[in-house]
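User: I'd like to learn how to read a model like this one. Could you walk me through it, feature by feature?

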Amino acid sequence: MKWLFKWRKKDAREPDTPRSAAPSSSAAKRSSERSGGISAASPLLQFAGEALILRGARVRVEDADLLFAVLPDGATLRYTDFAPRARESQDIQLLAPGSAALADLLAETARHGALGAFELPASADPIERARTGCGDIPTACGRCVAKNAEDAIPPALCEVCPLRAGRLGVLGLGRIRDVREVRRWQAQSVELTFRVTYRDRHGRYDEWLRFGWDPMTGQPLPPIALASLAHARVLPLPPTARDLLAPALAEAERALQPRQEAAAVFFAQRDNAEYQRQRDDLLTTAERLRRESDQAPDEIERSLAMELTRLGDVFAVGVDAELESAVFITTPMAEVTVRGGSGSLTLHLDLGRDVVAPLACAHCGQFTQAAVLCRQGHLLCPRCAPARTTSAAATVSCPVCEGIPATPGSSASPRSRRGKARTEPDALTVTHLDAMTDETWRRFVGWYLEQQQCAIDRVEERESAPIWRLRAAGEPLIALAPRPGIDRALGDVEVRAAAASARGSALWLITSSPAAPEAHATAKQFGVRIIDRAEMARFLATASQAHTQQRIEAERDTLARIAAATALHTTLLDTFSALEHMLATAENADRVGSRSALVAAATRIEADCQTAERAFLAWDTILAEWIAAFGEREARDGSLAVLLTPSAFDTLGARIAHLREATLAAFASIAATPGDGEAGYAVWRKAVLEAFTARCESLRWRTQIITPAQWRDFSAAHDTQAAAQSESSATSARYAAGRAAKAYDDFAPRIRTGKAIARHG
Amino acid sequence: MDSPTRDRPADVPAHHQQAGAAIPITIGFRDPSDMLQRLAAPTPLATSPALDPALDPALPRWYALLLRSHALAAPATFDTLLAPSVLYDRVRPHPYQLRVVEQVLREKAPAAILADEVGLGKTIEAGLIYKELALRGLVSSVLVLAPKALLSQWQDELRERFDEDFVLTDEKRFSGFDREPRIICSLPQFVRSFDHIAIRSWDMVIVDEAHLLANPESKRRRCAGLLRARWRLLLTATPVANKVTDLYSLIDLVAPGKLGTRREFENEFVADAATCRIVRPDRLAELRAIVAQVSCRTRRADAEIPFAGRTVYTRDIAPTSAEDALISDVTNYLRALYRRLPAPARNQRGRTSAPAAERSGPRINRGAVIREIMALQQSLSSHPRAIEQSLRRRAESHADERDILLALADRCQTAASAKERLLHEVLADLKGEPALIFTLRLETAAHLREAIRARGSTAECYIGALSRLEREALVARFNAGEISALIATDAGAEGLNLQQRCHVVVNYDLHWNPMRIEQRIGRVHRLGQSRDVSVYNFALSDTIDDYVLRLLYQKINLFTMTVGALETVLSEVQEGELDLEERILDALLRADSPDAIRREVEALGDELVGADQRQHEAISFTERVLA
């Protein structure tokens, strides 16, 4: 056997040296992070190896997919992450998501890492950290500390803004000339990790959210970098641990709640259309059962209530947060004085976390990343002292210098105010989007793109943010979803950077932040489509009403169809009345005087009969289409289904109008012929009129079989008597036609003779 | 998960809070009571890192590892299934089974009808779906409803293949429907206990042989409709068993409201209202499309499972004269014992159910006595050594029958076994070919092992008392060719897979439960078996085993029946309280003459044949409608 590995034994002095710090939120995805403890190829074996080393085991990588460990008690273990390898031998345990072996290791890790206290060593030089962690806001810009009207678009960061790199920005500081350390002390803080579990109809996913909290300031703290944990020293739990934990938990719950709500409302919104559709199915079925009266009413109601509850169970959305770990951290802090060209300020540095603490406003006490320094050295947040900047200078009116007392609540940001004003949102709103975690936001973007009829080919992971590669209307498209942050607008810098990364492809920038005017201008220049806060708000408003809107539109469509059908129904009835009236008034007292006149009248009637026959054929077709325009069986809700669109009814109406004219013309022509004459003419003419009258009557009754105005009740809309009458009239018409044919047979030889005389004469 | 969750009403849109009109939302923040308890009492724990991980010097590294471990959590979507990997050593699903699992999880969730043709492993598919959901924490409370004949099989499958311990409602450890998270329950029991079952909401309900729920007027269908369960899986090879409206009954269970009311469905799709056996031709495609939306159906032709064939050798042999006399006398003794029991009640369909005496008390535990008689009968059929031990054990606890029992036991010592002689002949014919021999009694297994060894062959017993390691070692030796005969009991053979080297199964003792026979053969007749499997059945002439073999099993072609078809047949004939084994025993001990016994067994055989025919009709009807 090849021993291509080194024995590794747990060594308290030997640190795990993670190569990258974990983000504050880590969703369930595979990671390529490696700790350096062992060098297994897969993250699962890597994790197992490190856990075993921490247990005091000696671990070696036997193969790319096989890990071997000797525990302190001499027992041996083998792990693989490749199922076929696990099948080779009973003593090889499979590490796979969900497997018992992995679950055991995870449980052990959770047990060991769940609760404790440790001290972080100083990992940064305070002087250097202060220099890099704080920057002067250029007087020529100053938009990040400028005053904004409440409804105005918040500022976008300029290209050189110190805030862009997560630093502090101070207007009025000037170029940093000198930094001096004033003092050092130890500070205590709490870091909590929550496992947030999201469940909906599509399944479940977990996300871990870390929440650091400073008990002195009550401010949130950034999560500890994994690298700094390698050098941490364990401490006994502080005696005040319980007292520290309670407020930290309360703060964490406050911080988590909007994120949970945002996710929950989004998931509910995502499935709402399908939920409502299935709910409608249940309600319609129950309604139908009530009509069918096969079941006792209370049984139907009970059954409906149960099905609705069951439907609710299926679609239920749950977002649960559970504390997974709580650690009490002692970190070295340093206070430094920074002297710039125009002023000086005091900074507090967390040397364990390697971060600069946010600045406290001298007026309202709120913490801020961007501040203004007045001439007297008061550090002020932009809300207390908005700066008015020109390219040459900045003017600040300092409320501290002017002795203006701070007003409670005046410090709230415009976005925060929006948040507080959000008391009765009726659906998913842009405020929810602001509160989403990155993972939820990512899912939201995927859903948004689907709603825009985009087919997502793949999602590429980039360091900064994912990139969606998709197709919209068959054309390739790239989508990015930057989140500039609360109180920040999407700026031209972000648009330019995105356009550069798109390399000429069509690009969408999707954000819940407002887009600055310059961002829109740049987007126009590069052909980028920005879906900003305003557009997103419009989309959400539409989406939230989608189902209702669909129902309204469906109802509207039905009503339009019914209106068109009813109008056509009236037209048909009018037409047949007119035709019948015309035939009724075709009694003509004139008598044919001569033989040639008789021939002429007969020839005319013959021609008109042919026209009328063609018209009746067309009427039969039209009435067949009319009948077919309605559902054969009652619809789910017991109504009459109208199958033709209004425009189809219009087309039918046009054909009816045309046919009406043609038929009326034929009948008028017949009516104009003399009513009396010899040689059986009068009998024949009368029989023809009777036959046509019966046929018109039959058509009228056929039209009356369905009354679209009664569409809500399928039975009421159907007149069975009319159907019977139609049949009866059709029979009468056939008899009348027979009589007419017989009369014609008697009369025709004379007509033919007459015609022949006329032709040869 | 024990700590309470403070569900707070979400600050969510009004329409989300309106009951029924909107999707219900729960936002929870679980009280970290464990953590607070640990903090409340740090002193006694804080003495040693072994007791309190918080004092472990490696704590920061554990903490870092914990944070990194978050990346190892299960993926959120069902794009990658977890269960097949986790169950790598227990089940190797066919590609078509994985397709079904994926379809159900991705497209049909949370309810579907698994309508594969008979023998394609619907149980495996349902088990995989359940396991996948359980691994992801989406399902914890599960109720499996199955015909009585299949309950043990479900339990075994779930334990062996899915590493899941389900409890049967008639087990002693069963603590109630409100407490047990995973339950297997018979359909009659389901109806009887519905009030208790319906108290809770289940994460998942699996109904096997779901066509038994097709009748809308049946109590079981009505109860199933009232059950509150998030996930619902209906398993049936014949979703349209008798009428087209069967489909309505099943689809309405998985997708209520989808087909409207029953009358609406009939108006829409049924051409003959009287028999409901013809679908309107113009609506057939639409009906099939609807069915496809809620069900998955794989046909045998599409599955392409390479199954080896089976050859069955039935060997009967006349008992030795001493054996014959012994069987006769012991049977008479058992008959007398049996007839002293209160008669089982018969229900309206003429099927036996729990005896009135048992229901109303005091109190002969009929079930226990039946089990004892059954064990004695099995011993008697098995080997004189086995019945000898059984009689002596009974003599110890029944002083009033001691003399007669000991006298019978003494006679066993001198009786030679004809079946044993037959076994030696068969093994000699096999010429060293490895064989798996099934017996019902441990005593027989031990005796046969010694007898085979005495003839110079190698034999070992594979019984329930062996540890896991011992079993693995035995299988390894058997597969390595070190053992030529492995003598197993049914209980011991659970999870045994010997298809690698062995293709001979000897039913030295016949089991009266056909499912057990199928399971025995399944130990070697499974995927991976490259040769035809030979099945040897032993029976003493003109004994009950002989009748069962010839009048029951051969009548329904048990040994060559399509895999999976047996379950459906049995589920139909075994709805009462008495299972098939008890009915055979009843036939044996109630009748006075061999002819009467034969007639009883034959009648039972006819019943099975009838069920088999009905199943074939249902299959062809389903094919016609859904093909």
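User: Let's begin with burial. Which residues of H4(B) are buried?

Analyst: In H4(B), the buried residues are B:Leu59, B:Pro60, B:Arg61, B:Trp62, B:Tyr63, B:Ala64, B:Leu65, B:Leu66, B:Leu67, B:Arg68 and B:Ser69. That makes 11 of the 11 residues in this helix, which spans residues 59–69 of chain B and is mostly covered. Keep in mind that this is a predicted model.

User: Then how far can I trust it? What is the mean pLDDT of chain A?

Analyst: Chain A has a mean pLDDT of 83, and 88% of its residues reach 70 or more. The general idea for the rest: where pLDDT is low, the predicted coordinates should not be read in detail.

User: Where in chain A does pLDDT stay under 50?

Analyst: One stretch is residues 26–36 of chain A, for which the model has 38 contacts beyond four places in sequence. Another is residues 410–425 of chain A, with 32 such contacts in the model.

User: On to aromatics. How many aromatic pairs are there over all chains?

Analyst: The count comes to 28 aromatic pairs over all chains. To read one, look at the distance between ring centres and the angle between the planes; over 60 degrees counts as edge-to-face. Take A:Tyr198 and A:Phe267: their centres are 6.0 Å apart with 80° between the planes, so by that cut-off the pair is edge-to-face.

User: Why does that pair tie together parts that are apart in sequence?

Analyst: Because A:Tyr198 lies in strand S9 (residues 176–200) of chain A while A:Phe267 lies in helix H6 (residues 241–292) of chain A, the pair links parts 69 residues apart in sequence. Both A:Tyr198 and A:Phe267 are buried.

User: And how does the pair of A:Trp684 and A:Tyr744 look?

Analyst: That one is tilted, at 5.5 Å centre to centre and 45° between the planes. A:Trp684 belongs to helix H17 (residues 681–705) of chain A and A:Tyr744 to helix H19 (residues 720–760) of chain A, so parts 60 residues apart in sequence are tied together. A:Trp684 is buried, with a relative accessible area of 3%, whereas A:Tyr744 is partly exposed at 26%.

User: Which residues form one aromatic cluster?

Analyst: A:Tyr198 and A:Phe267 turn up again here, together with A:Tyr205, A:Phe266, A:Trp441, A:Phe444, A:Trp447, A:Tyr448 and A:Phe539.

User: What lines the second largest cavity?

Analyst: The lining includes A:Arg310 along with chain B residues, among them B:Val205, B:Leu213, B:Arg232 and B:Leu253. Strand S7 (202–207) and strand S8 (229–235) of chain B are the elements that give two or more residues. S8(B) supplies the largest share, 3 residues.

Methods
Residues numbered from 1 in each chain as written. Chains lettered and ligands numbered in written order. Predicted model: local features only at pLDDT ≥ 70, side-chain atom pairs only at ≥ 80, totals over all residues. Heavy atoms only, no water. Phe/Tyr/Trp six-rings, centres within 6.5 Å; stacked < 30°, edge-to-face > 60°. Helix = DSSP H or I, 4+ residues; strand = E, 2+ residues; numbered from the N terminus. Buried < 20%, exposed > 50% of the residue type's maximum accessible area, 1.4 Å probe, protein only. pLDDT = per-residue confidence, 0-100. Contact = heavy atoms within 4.5 Å. 1 Å grid on protein atoms, 1.4 Å probe; cavity = no way out; pocket = protein on both sides within 12 Å on 5 of 7 lines; lining within 4 Å.
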